[in-house]
Amino acid sequence: MMTQATYSPGPQTDGVTGTEAHLVAQLRAGDEGAMAQLVDQWSPAMLRVARSFVDSPQSAEDVVQDAWLGMLTGLATFEGRSSLRTWTFSILINRARTRGAREARMLPQSPLANQDDSAADGLLAGPGGEPTRTWSSIDAASRWDTAPESVVLSREILLQLDRAVSALPPRQRQVVTMRDVCGMSTEEVCAALDISPANQRVLLHRARAVLRAALADYYRG
């Protein structure tokens with residue numbers, strides 16, 4: 001009989017933990033319960049990351065499905081040099097890049113997609129470079145304050161942020177989505193995107209600057 005796994009992934013990037021090694025063993029043994037729980041836990045973040053590479057929600061869903069198949073196919077050769085989540089997101093990003101490149105050849109590219117990363121400066125971060133407020137914290141606040149006008153305001157803010165993120169240059173969009181929307185660690189983002197911590201930091205700061213300016217314009221309006 002299949003057993004239901006209980007697994008809560010953390011920002012591990014230096015190899016698998018004992019709990020994760022057990023999870024990998026379950027997945028290799030074909031434990032459908034463990035796989036179903038993992039899909040439920042990771043798919044929302046995977047969809048957001050995939051969407052930062054491709055042109056439509058349907059394309060993002062296709063990429064995520066392809067990534068899960070790739071993860072299952074490659075489990076036999078998974079060596080645990082990074083966490084299972086980092087490895088799975090690396091597969092996702094490779095699939096998303098391929099899909100995004102194919103779509104870019106088929107569709108006219110938006111002028112905003114070619115915007116130079118140096119066009120933005122400043123920070124959306126507090127001391128130490130961490131975000132002062134993220135998508136998840138805004139969403140949590142809206143759940144606590146159930147007044148209709150507060151809910152509407154929170155939704156409008158999230159919509160404004162989503163629009164601003166969509167207009168970012170691709171690499172900035174990918175980094176800020178992974179860090180501030182999905183809550184991934186610096187180490188996970190660098191490993192998945194194959195970039196240096198310094199490059200990740202610059203891209204994140206520039207993206208946050210654009211988002212801060214978008215919110216400032218919204219509140220002024």
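Colleague: Thanks! Where is Phe53 found?

Modeller: Phe53 lies in the loop between helix 2 and helix 3. A helix here is a DSSP run of H or I with at least four residues, a strand is a run of E with at least two, and both are numbered from the N terminus. Please keep in mind that this is a predicted model, where local features need pLDDT of at least 70 and side-chain atom pairs count only at pLDDT 80 or more, while totals for chains, interfaces and linings use all residues. Residues are numbered from 1 along each chain as its sequence is written, and side-chain values use heavy atoms, with hydrogens and water left out.

Colleague: Why is Phe53 called buried?

Modeller: Phe53 has a relative accessible area of 12%. Buried means under 20% relative accessible area, exposed means over 50%, and partly exposed is in between, with a 1.4 Å probe and protein chains only. Phe53 therefore counts as buried.

Colleague: What does Phe53 touch?

Modeller: Not counting residues up to four places away in sequence, Phe53 touches Ile93, Ala96, Arg97, Gly100, Gln174 and Leu193. Contact means heavy atoms within 4.5 Å. Phe53 and Pro170 are 117 residues apart in sequence, and their C-alpha atoms are 7.1 Å apart in space.

Colleague: How do you know that Ile93 is buried?

Modeller: Ile93, which is found in helix 4, has a relative accessible area of 0%, so it is buried. Leaving aside neighbours within four places in sequence, Ile93 is in contact with Val49, Phe53, Met178, Ala192 and Leu193.

Colleague: And why does Asp194 count as exposed?

Modeller: Asp194 has 68% relative accessibility, so it counts as exposed. Asp194 sits in the loop between helix 8 and helix 9. Asp194 also has a positive phi of about 60 degrees although it is not a glycine.

Colleague: Which residues of helix 8 are buried?

Modeller: They are Glu188, Val189, Cys190, Ala192 and Leu193. Among what covers them are helix 4, helix 7 and helix 9.

Colleague: Why are helix 7 and helix 9 called roughly perpendicular?

Modeller: Helix 7 and helix 9 pack at an angle of about 90 degrees, with their axes 8 Å apart. Axes are lines fitted to C-alpha atoms, for helices over the stretch in contact, and angles run from 0 to 180 degrees between N-to-C directions. Angles under 35 degrees count as roughly parallel, over 145 as roughly antiparallel, 65 to 115 as roughly perpendicular and the rest as oblique. Helix 7 and helix 9 are therefore roughly perpendicular to each other.

Colleague: Which residues with the most contacts inside it does the largest nonpolar core have?

Modeller: They are Leu27, Met71, Leu84 and Leu92, in a core of 49 residues. Helix 2 gives the largest share of this core, eight residues. A nonpolar core is a set of buried Ala, Val, Leu, Ile, Met, Phe, Trp, Tyr and Cys residues joined through side-chain atoms within 4.5 Å. Leaving aside neighbours within four places in sequence, Leu92 is in contact with Met46, Val49, Ala50, Val63, Val64 and Ala67.

Colleague: What is the secondary structure of the protein?

Modeller: The protein has nine helices and zero strands. Of its 221 residues, 44% are buried.

Colleague: Where is confidence lowest and where is it highest?

Modeller: Confidence is given by pLDDT, the predictor's confidence in each residue, from 0 to 100. Confidence is lowest in helix 5 (residues 135-144), with a mean of 39, and highest in helix 3, at 95. Over residues 1-14 the pLDDT is below 50, and it stays under 50 over residues 109-151 as well. The protein averages a pLDDT of 76, and 70% of the residues score at least 70.
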